[in-house]
Amino acid sequence: MNAIDYATDLYQQQTTNTDFFKRRGITDATIQEWRLGYAPKKYDITNGPVPECELKAAGLLTDQGRPRFFNRTMFPIFDDQGKPISFGGRYVGTRDDVPKYLNGPETDLYHKNHVLYGMDKAPEQFKLGDKYLPGNPALLVEGYMDVLSVSQVGFKKVMGSCGTAVTKAQMEFVKKLTTETYFMYDGDIAGRRASTRGAQSAIEVGLFPHIIALENGVDPDDLAQQQGLGGILEKIERSRRSFAEHLWHSIDHRDIQKRIQALNYAVKVIARCPDPLIRLMLVDDLGYTFDFPRPKILTFIEHYYEQANARTNKV
């Protein structure tokens, strides 16, 4: 038994604080399916079959020899083969000097830029197709609770970036599963910015992303718990925006400087799209949304290509 397997079993056996999950609307079936657990306030993780050096290497012990996770509800993070490789922990105490969420550190097993929460469960769902939405889309959300609640109500093709920015490596994994990608992040300013960065990563691997606009103060967890699967599907249908539309709604488009900045940013992102057909679709959408001539956009993209090639040749 390796250190992460041992800790997953240990935390799953601690039923002291699954009340947090119950209060958040998470069922016993979901707790079991996702192997959720609890790291107690005080415990000795070294009192088991795994050597201390392996616990440290797995990120379960700090350099001072103390448990990294304490008084936290625990979310095991699995790789695409279903093996536990790290944890996220949500603090349930009252101290103000402790971070609310804590992820495990980079280890030989866990490379956060390549991992999505739920990447072990979603692939099988893509093989089944989608009876709700065309294109068999993936839904990308931010947090652990977002993934759990959305999956629990029946939208199974959901994965989360563990509260960090989406990377190209993560989107390369998604691209193996589907060509349709939706980002549904929190409706606040930080969430909208994270959606923009996520869409950029999707475009850079050759996907045509959509962003689902949520109201300020609402997140996918709230939406799923309050409105169920119907609310998720309705929000996708009614509030889905392309990358260009998302940028348009993110600025004061009466301000010519803001429009120029957004156009310039979009062109640079689209220029990095490796798929020529997707790139043309993005160009058409950008020109239509910003009422800007398509040939001009193509000219700018060609210019950025030449600059990129020039830099490459110098290396």
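Q: What makes a residue buried in this predicted model?
A: Buried means under 20% relative accessible area. Both Y11 and F87 are buried.

Q: How many aromatic pairs are there?
A: The count comes to 13 aromatic pairs.

Q: Why is the pair of Y11 and F87 called edge-to-face?
A: The ring centres of Y11 and F87 are 5.3 Å apart, and a pair needs centres within 6.5 Å. Their planes stand at 80°. Edge-to-face needs over 60 degrees. The pair is therefore edge-to-face.

Q: Why does the pair of Y11 and F87 tie together parts that are apart in sequence?
A: Y11 lies in helix 1 (residues 3–13) and F87 in strand 3 (residues 84–91), so the pair joins parts 76 residues apart in sequence.

Q: What makes the pair of F75 and Y144 stacked?
A: The distance is 4.8 Å centre to centre, against a limit of 6.5 Å. The angle between the planes is 15°. Stacked rings have planes under 30 degrees apart. F75 and Y144 are thus stacked.

Q: Which parts of the chain does the pair of F75 and Y144 link?
A: F75 is in strand 2 (residues 72–78) and Y144 in helix 6 (residues 144–152), 69 residues apart. Both F75 and Y144 are buried. They also belong to one aromatic cluster, with F20, F21, W34, Y101 and Y117.

Q: Where does K121 lie relative to W34 and to F78?
A: K121 lies over the face of W34, at 4.3 Å from the ring centre. K121 also lies over the face of F78, at 5.1 Å from the ring centre. The distance cut-off is 6 Å.

Conventions. Residues are numbered from 1 along each chain as its sequence is written. This is a predicted model: local features need pLDDT of at least 70, side-chain atom pairs count only at pLDDT 80 or more; totals for chains, interfaces and linings use all residues. Side-chain values use heavy atoms; hydrogens and water are left out. Rings of Phe, Tyr and Trp (its six-membered ring) pair if their centres lie within 6.5 Å; planes under 30 degrees apart count as stacked, over 60 as edge-to-face and the rest as tilted. Helices (H or I, at least four residues) and strands (E, at least two) are DSSP runs, numbered from the N terminus. Buried means under 20% relative accessible area, exposed over 50%, partly exposed in between (1.4 Å probe, protein chains only). A charge sits over a ring if NZ of Lys or CZ of Arg is within 6 Å of the ring centre and within 35 degrees of the ring normal.
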